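Notebook open, viewer open. I want to go through the strands, then the helices, and jot down what I look up.

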Amino acid sequence: MLELSFSDRALARLRVAKSVDPMWEIALSLHLLQNQEEALVFGPWRREVRAALQAAGLTAAVRGLALICPATGYFPDFLTPGRGDPDVATGVDRVLSTPRSRLCAELSRLYPRGPVPRGVRALALGDPSALRGLGGVLQRYHQVAVAPYTAAMRGQAATDRARRAEAALDRGAEGLLASYAQAPGWEHEGGYLRAPYPRERSVDVQDRALTVVPSFFCVRTPLALVDDSLPPVLVHPLSPALGWLTRLREAEVRPPVTQLVGSSRAEMLEILERPMTTTALAAALRLALSTASRHASVLREAGLVATRREGNRVLHERTALGRALLDGSAPAPRTASRVGAPLRERGAEGAGRVPAGRLASSGERQAAMPPSRR
């Protein structure tokens with residue numbers, strides 16, 4: 001069990017990352033390539049990525065990357081410096097800027113009994129050539145194994161963020177913490193948040209700003225940095241639904257909803273899996289309240305969104321037609337030209353805002369267990 005304790009100041013400084021972080025997705029997707037966890041959900045992705053890595057000639061390089069990012073036990077904090085940063089190049093630069101003393105300390109912890117592989121030893125010593133090689137592999141791996149799935153990842157993260165925004169707007173920071181306790185095994189009580197974890201661990205957030213980062217490739221349990229002196233981060237699973245890759249591929253061969261209604265309205269339609277207020281929509285999509293209201297009105301007029309009053313709240317939810325449009329199983333609404341037209345007006349759109357070459361299973365190296373730091 002992982003227990004995080006928050007002071008009043010820490011609660012006030014609690015933040016949720018805008019979306020997934022590329023460096024965390026690199027590390028956690030690499031873990032999934034080394035094991036068979038969540039086979040039904042991620043099995044098709046594994047097969048596709050292993051074939052793509054082999055075609056790109058990256059299988060050996062990625063196998064080397066797995067030496068410093070194993071799927072079980074400890075893996076170094078310096079590989080995941082991000083807190084929801086959208087740019088992979090920035091994240092890689094941060095990895096390569098890690099002080100030599102920290103590289104040595106964290107990589108030595110990977111092999112406490114030795115022997116340390118030669119490539120890992122060169123990294124631990126801060127060898128410039130080894131660091132450049134690491135940066136290149138991280139970038140190329142991201143291009144093959146992570147970037148092609150960005151649409152699914154961001155969509156899942158946007159839905160999660162909308163849910164957190166609703167909770168925070170309704171009940172403040174305590175409500176935000178409580179929203180995570182709805183997941184199986186999670187608990188919230190006062191200034192404490194507890195979550196499933198491979199071992200007993202307590203983290204006193206003190207007065208620091210903890211960042212909660214959603215992760216597409218994180219499975220089963222959340223993760224946290226090992227070094228408590230680093231800015232605190234809690235990474236939690238987004239838990240994509242079975243068949244997510246099939247739906248992503250189907251979406252790529254049909255006209256994107258964004259071409260019909262514009263990107264902001266398409267995002268709004270996507271996150272309306274559950275009823276939300278205009279204020280929550282504005283917060284989740286980082287729009288001005290007036291802009292969110294206008295987008296909801298246009299979608300309602302097109303029959304894609306329904307609006308109802310519940311007490312003193314006005315709730316919007318996606319209609320069957322809206323769901324069908326997202327799935328590509330229905331034609332565009334007859335008012336589609338009207339829906340898209342306002343997006344050409346000044347400021348309207350942006351207002352307010354591999355069997356072959358398979359990686360060795362970690363179980364072949366050591367007994368299977370979830371990442372310990374994590």
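This is a predicted model: local features need pLDDT of at least 70, side-chain atom pairs count only at pLDDT 80 or more; totals for chains, interfaces and linings use all residues.

Which residue in S4 is the bridge partner of Leu4? I looked it up: Leu193 is the one.

**Entry 1: strand S1**

I started with S1, which covers residues 2-6. Is S1 mostly covered or mostly open? I find four of its five residues buried, so I am writing down "mostly covered". Next I checked its neighbours. With S4 (residues 192-195), S1 pairs in the antiparallel sense, and I get four bridges. With S5 (residues 201-206), the pairing is parallel, over five bridges.

In S4, Glu3 stands opposite Arg194. In S5, the bridge partner of Glu3 is Ser202.

**Entry 2**

Then I moved on to S3, residues 187-189. It runs antiparallel to S4, and three bridges join the two. Arg194 turned up again: I see Glu187 opposite it. So what sits between the strands of this hairpin? I find two residues there, and I noted that Gly190 takes a positive phi near 60°.

**Entry 2: H2 against H3**

On to the helices. How do the axes of H2 (residues 22-34) and H3 cross? I have them coming within 10 Å, at a crossing angle of roughly 95°. The cut-off for roughly perpendicular is 65 to 115 degrees, and I can therefore log H2 and H3 as roughly perpendicular to each other.

I listed the contact next. From H2 come Ser29, Leu32 and Leu33, and they meet Phe42, Trp45, Arg46, Val49, Arg50 and Leu53 of H3. Sorted by class, I get six nonpolar residues, one polar and two charged.

**Entry 3: helix H10**

Last stop was H10, residues 244-252. Which of its residues are buried? I wrote down Trp244, Leu245 and Leu248. Looking down the helix axis, I see these buried residues fall within an arc of 95°, so they line one face of H10. What covers them? My list includes H3 (39-55) and H9 (150-180).

Technical notes:
Residues are numbered from 1 along each chain as its sequence is written. Side-chain values use heavy atoms; hydrogens and water are left out. Buried means under 20% relative accessible area, exposed over 50%, partly exposed in between (1.4 Å probe, protein chains only). Two strands pair if DSSP finds at least two bridges between them. The arc is that of the directions from the helix axis to the C-beta atoms. Contact means heavy atoms within 4.5 Å. Axes are lines fitted to C-alpha atoms, for helices over the stretch in contact, and angles run from 0 to 180 degrees between N-to-C directions. Angles under 35 degrees count as roughly parallel, over 145 as roughly antiparallel, 65 to 115 as roughly perpendicular and the rest as oblique. Ala, Val, Leu, Ile, Met, Phe, Trp, Tyr, Cys and Pro count as nonpolar, Asp, Glu, Lys and Arg as charged, and the others, Gly among them, as polar.
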